[in-house]
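Look at the sequence and the model together.

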Amino acid sequence: MKKRKWYFLRYMMKYCYYLLGGTVCACLLHLAVVRGNSVISQVIDDMLGGKEVVLKAFATEFIVLVLAGFVLAFIKQLLFGVYCVKVSGAYRKRVAEKLYRVEYAYLKNENSATVINKLNADMAEAENLLSYGVPQIIMSVAGVVIYSDYVGSLNRGLLLLMLVTYPIVFWIAAKLVKKISALTGTYRAKSDVMTGIAQDVLSGILVLRSFGLEEHFGQRMHEAAADLVDNEEKRTRVSNTAMLVRKMVQWMPNIICAVYSVVLVGRGALSIGGLLAFVVTLGRLVEAFVGVPFNFVEIAGSIVCIRRIEEILNTPDEESGTWTEGENDTDVIISLQDICFGYTQETQVLNGFDLCVRAGENIALVGESGGGKSTVFNVLCAFYRVQSGSYRLYGREIGEWDIQAARERLALVSQNIFLFPTTIEENIAYGNRAASHEEIVEACKKAQIHEFIMTLPQGYQTLVGERGAMLSGGQKQRISIARAILKNVPILLLDEPTSAIDVETEGLIQEALHNVMKGRTCITIAHRLSTVQNADCIYVVSGGKIAEHGTHAALLAANGVYAKLYKRSVTEV
């Protein structure tokens, strides 16, 4: 099993010099407090002992200590702040970059609402740990060490009395940390559910309203919110209990030590000045003593959130080689041999699949739904790696290719068109970010969409809306074809490009496809078999393998699986 990496800890260590500087300032600040107490204690004892006190010298040192305290507090806060910004900034960048490299299977299987929550809410908790949790722990630990040493110098008995109560504090804090962690994990999971429902409502608002599902989704949201509130009530009770217990535990040593210090003064073991110094220091010492374990209670939720983010960072990257060169010596550009693949261990989608595509060929994959046609495209784009068999692109095993270099030779036009909520021109320009406006216009003319764009008030600067909601299916399809034309790659993958399109629009799309297919190697998944009659070769996919192949006429003459599919397709039309 692969060892889990803690990237958050790595970045904490990378910028630890800021933390170290803040820690030094924190220690010096505590020492300044101790020195101030010592000066006051000595002055009081000297005055009570009848010695002459030089107020000017006392005041000068005291003012210097106060000013030094202000400066140290400012520098400490500044260094801790810079540390938080540096670590959280680098961590956010690492997570963002990871999303572009993570295995496609992870993004496909993980709920998008969960991923969004990890990037936003969980990341905010991680930043809270850096800005508040870590500095508080450092201040508490430094305070424990320095104030304990000072109290021990006053009287060891007082220090031992403080330490007696400490095991109880740690035991209580450990119990609370366990409960807080469990409740925080549950809270995050329930929050993911709520975000997922909200996302479904927004993306499916047309279906929701047309089928009258408002009440159903409203009830789902209400139940999810009720679960969330119930969990938060429990977490609040635990947090409040922790706060109450902390206050009670703080009072115990305060009362005990205060009484004992008075006894020591009565016995002459502690001076009046020492008593005053102890009383002033006691509050800080107790706060630091109790603060260390209870700070872990407060950051328990942040640690849970960091673990959730680390799940993304520990997900395997897409496999990628280093090969980036182009053509091979033969005209075979795609070769799939004995490919076996399944999305789960229990089911095999491709079972001994073979396909050979030569440069400039126009081939089609047809067959019943679920036969494995779309899976072939997933394999060709290297979204998934096969369990066995060989996939060669330009004579090279796909595993040898730099994954981005391989995809730069492919353009996919899918039946499920995704457009970004920006302008028409920018959506098309994603095919080639270096393209000029004139090149974009030329691509749109070939895609049979330019004339429609020019009828819009803002033309190419028209916003398409969320997922292209302002456009029809045929318009979105032609924009995606223009994007593929602009990419100008040798291999074109067409995933049912005329599916669910009316006859008039289909004519425009067919003409656009004819333009984009010129001089390219094309592989088309077809539902309407009439659209691939002119393909150089038609492959019938059944049971995860090629059942038969040939030209349209040859397959009809053979009166096999293709002939039955074609007759059904014509009947449906």
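Predicted model: local features only at pLDDT ≥ 70, side-chain atom pairs only at ≥ 80, totals over all residues.

Residues are numbered from 1 along each chain as its sequence is written, and side-chain values use heavy atoms, leaving out hydrogens and water.

Start inside. A nonpolar core is a set of buried Ala, Val, Leu, Ile, Met, Phe, Trp, Tyr and Cys residues joined through side-chain atoms within 4.5 Å. Buried means under 20% relative accessible area, exposed over 50%, and partly exposed in between (1.4 Å probe, protein chains only). The largest such core has 34 residues. Those with the most contacts inside it include Ile334, Leu380 and Leu393. Strand β1 (residues 332-341) gives the largest share of this core, five residues. Strands are DSSP runs of E, at least two residues; helices are runs of H or I, at least four; both are numbered from the N terminus.

Now take leucine 393. Beyond its neighbours within four places in sequence, leucine 393 is in contact (heavy atoms within 4.5 Å) with Ile333, Ile334, Ile398, Trp401, Ala406 and Ile491. Another core lies apart, with 33 residues, among them Leu419 and Leu486.

Next comes histidine 450, in helix α15 (residues 450-455). Is histidine 450 buried or exposed? Histidine 450 counts as buried because its relative accessible area is 17%. Contacts of histidine 450 include Val441 and Cys444.

Finally, the surface. Valine 66 sits in helix α3 (residues 55-101). Valine 66 is partly exposed because its relative accessibility is 37%.
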